[in-house]
Every structure is written in C-alpha cells, then in structure tokens.
Amino acid sequence: MSSTERMNSESEFLPGHSDQLQLLMRAVECARNGIVITDPSKTDNPIIYVNPAFSQLTGYAKEQIIGRNCRFLQRDDREQPAVKELREAIGKEVPITTILRNYRKNGSYFWNELTISPVKDEHGRVSNFVGVQNDVTARIDSEKRVQEFYSMISHELRTPLSSIHGALTAVEDGSAGRVNAQVMRLIRIAVDNSTRLMRLINDILDWKQLEAGKFKLTLASFDPQQAVASVVRELQATAEAKKVVLVPEILPHHDIFADQDRIVQILSNLSANAIKFSPPKGIVTIRLEAPASDTIRFTVTDHGPGIAAEQMDKLFVRFQQLDSSDTRKKGGSGLGLAICKAIVELHGGNIGVSSKVNEGSSFWFEIFS
Ligand SMILES: Cc1cc2nc3c(=O)[nH]c(=O)nc-3n(C[C@H](O)[C@H](O)[C@H](O)COP(=O)(O)O)c2cc1C
C-alpha cells in the first residue's frame, strides 16, 4: 500500500481535528493510569493538567494539584535514588521510567512506577512534559515478601541445618568419640537426610541467584584433576553404600580458568545422579580429557536405565524430573541439572547428554579457555 493510500484509509477511521481532540481528552480522562502534564516554561515546572485517575491514586482533588510541582508527592522522602534520576532526565529532556515511593493525601505510601516523556512542539522544542503514574505497590510488596522468604531460608533454615549436619558428621567420622553400631546406623540415616536437605536448600538459593542474574563466578586457573579428585572423595561413601564403583579416568589435559567450587558442584551433581541411577555393583566413570588445546571436557557415565530420546530435552529444564515412576522414586529438587546448565553457560561452556535406554547415560560438559 502506498503512503497516500495508507493516509486515505487511515482518514476513514480518524475523526476530524476538533473531534480528535475531544476523543484524546476523553481517552486521557478515562485512562486508569494517573496522567499529568507540566509546563517547564513556568517557574518550577508546575502541573497544568491532571486526569481523574491521578486524583484517585493520590487522594488529592484537582484544585489541590494544579500549579504545584509533582515532588509534593514525595513529602520528606527525598533521598531516593529515583529522585536524582528524575531530576537528571528532566534536565536533559529525555524520557525516563523509574519507580519511587510517593505519599497519598492520607499519608499512606505507594510505589509509583513513573514514566515521564518530553512533549515537543512543531519546532521540535520541548514545550511540556507528560507523566504517567502506575501504582505498583502490590507487585513491589510481594517481591519484598519473596525476598524475605529467601532470606529466611538462608538464615533460619540453612544456618542451623549446617550446624546440625556438622555435628552429625563429627559423630559419623569418629571425631566426636566412639558410638555403638546401633547409634551409628541412626547417625548415618540422619547424615544422609541432612545432606539431602542441605543440597535442596542450596539448590533453591542458587537458582534464585541465577534467575536474578546475580550469580557471580570466582575465576582462577587450576588443574581440573583436583575437581575430579574432590568429587571422588566427597561421593566415595555414598557410592560404597550403594555398592557402586567410582572410577576416575584422567586423560592428558591442561589447566582451566574457571570457578573451581562451581566445577566441583556440577561434577558432583552429575556424579551423584549417576550413582543414584546405577544398579548395584554398577560402575560410574568420571572422565577428564582435553579434546582440543582450548577445551576441557568432563564426562560422567553410568550403566543405569538410560533416558528415552523424547525425554532428553526436558532434562535441563527446572522442575522437570522425567516422569517414569523409576526416576520419581529417586527424589531430588528438580533443579540440579538446570543449575548445572546455567553455571556451565555462565562459564561460556556447553553441557549435554547421550544415552541409550537400558544401557546407561553419559553426561558431559566442556569448558573453553
Ligand atoms: C510530567 C512529570 C510528572 C512527574 N510525576 C511525578 C510523580 O508522580 N511523583 C514524583 O515523586 N515525582 C514526579 N515528578 C518529578 C518531580 O516533579 C521532580 O522533577 C523530581 O522530584 C526531581 O526534581 P527535584 O529534585 O527538583 O525535586 C514528575 C515530573 C514531571 C515533569
């Protein structure tokens, strides 16, 4: 369609000039967002228009608003970073969207998601500003409650649990003195369960950080064989309890530049899964190799039930445990592999799996340098 044709077809729908103005006026008056227009040519950029939704939001009548600068909504709460952002954007005559605390006439606060845009005249000069207010108090308050919930998990749950876990481990490894076999059996059950609970809590907190983009890596150069050794040490007892043999396979390799604790975490997660799904007397290999001079690859292989091709793409998605009854029985947060994938990707690496039903699975990940 040519531009003339488009204009003709649009003018079929657009009312005449004065009707257009009336329509715009009615639309602004009916909008659910607060809308104000200010005049920067007057002293202190006063409000010259306010719609009914703004009065409803703030509790102030139109006559109590017109002629004032909008900052009256901030009362004495002026130290907010958003106030400075607003001042700068308005000074530079650029649009801005920000969130700040404002106060209604009755003194109660609300979170105002405020968008301000300069309005230009026919010469391209800023003649006015238009502000659109959106009350986002419910959203911000619920985000705060979620934040408090995570902080509760971290402080009120993880901290005491790690001290319980530490005490139980001290009894289990004998450093707290000798106990009889009957007590040791109970202690092992308690250690196993507190380990699972700790892993679950750590997974939840890690996922929260990853989702928020706040997960930070501590990168350094190290020998990846150390990661394999530490995972074997950590999981030896679990493997023995299941009569599974853990076999490290260290091929020629070079140092990597990565977050060692996180590499151990990923490798431990993959290896713990492999042990979980191995048959008794099964072998789990943890292989380290350098398929290229800039690549280190870790591969964890088991001889468990394997994974059907159609289930593979669900594997690394959070809360997606495969729905065979066998997998469900094994427990877990449903976050482990999603966390592994996210952390590998934060390193710029790759993660994947190959598997055959009834033969076993190989989970691998690669870190580049
Ligand atoms: C069109 C427009 C709408 C505004 N709406 C609000 C608002 O709803 N709430 C608020 O706290 N500030 C609002 N402001 C910002 C204040 O008027 C003021 O610019 C801000 O407090 C920073 O400047 P100051 O340091 O001079 O107060 C608005 C500004 C303009 C231009």
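## Domains and ground rules

Domain 1 (31-135), domain 2 (142-215) and domain 3 (217-369) make up the domain assignment of the protein, with bounds that come from an automatic or database assignment. Between the C-alpha centres of domain 1 and domain 2 there are 49 Å.

This is a predicted model, where local features need pLDDT of at least 70, side-chain atom pairs count only at pLDDT 80 or more, and totals for chains, interfaces and linings use all residues. Residue numbers start from 1 along each chain as its sequence is written.

## Around the ligand

Let us start with the ligand. Of the 21 residues around it, Cys70, Arg71, Arg87, Phe129 and Gly131 come nearest; a residue counts as near if its C-beta atom, placed from the backbone, lies within 6 Å. Two or more residues of the shell come from each of β1 (34-38), α5 (81-92), β3 (96-103), β4 (109-120) and β5 (126-135). Helices (H or I, at least four residues) and strands (E, at least two) are DSSP runs numbered from the N terminus.

The shell has eleven nonpolar, eight polar and two charged residues. Here Ala, Val, Leu, Ile, Met, Phe, Trp, Tyr, Cys and Pro count as nonpolar, Asp, Glu, Lys and Arg as charged, and the others, Gly among them, as polar.

## The α6 and α7 pair

Helix α6 (residues 137-172) packs with helix α7 (residues 181-211) at an angle of about 150 degrees, their axes 9 Å apart. Axes are lines fitted to C-alpha atoms, for helices over the stretch in contact, and angles run from 0 to 180 degrees between N-to-C directions. The angle therefore makes α6 roughly antiparallel to α7 (under 35 degrees is roughly parallel, over 145 roughly antiparallel, 65 to 115 roughly perpendicular, and the rest oblique).

The contact of α6 with α7 has 15 nonpolar, six polar and four charged residues, where contact means C-beta atoms, placed from the backbone, within 7 Å.

## Two partners for α9

Next comes helix α9 (residues 260-276), whose axis comes within 10 Å of that of helix α11 (residues 336-346), with a crossing at roughly 145 degrees. Arg262, Ile266, Asn269, Leu270 and Asn273 of α9 meet Gly336, Cys340, Ile343 and Val344 of α11. By class, this contact has five nonpolar, three polar and one charged residues.

Helix α8 (residues 224-241) also packs with α9, at about 40 degrees and with axes 9 Å apart, which means that α8 is oblique to α9. Residues in this contact include Val228 and Leu235 of α8 and Ile263 and Leu267 of α9. The contact of α8 with α9 divides into eleven nonpolar, five polar and one charged residues.

Methods:
Two residues are in contact if their C-beta atoms, placed from the backbone, lie within 7 Å.
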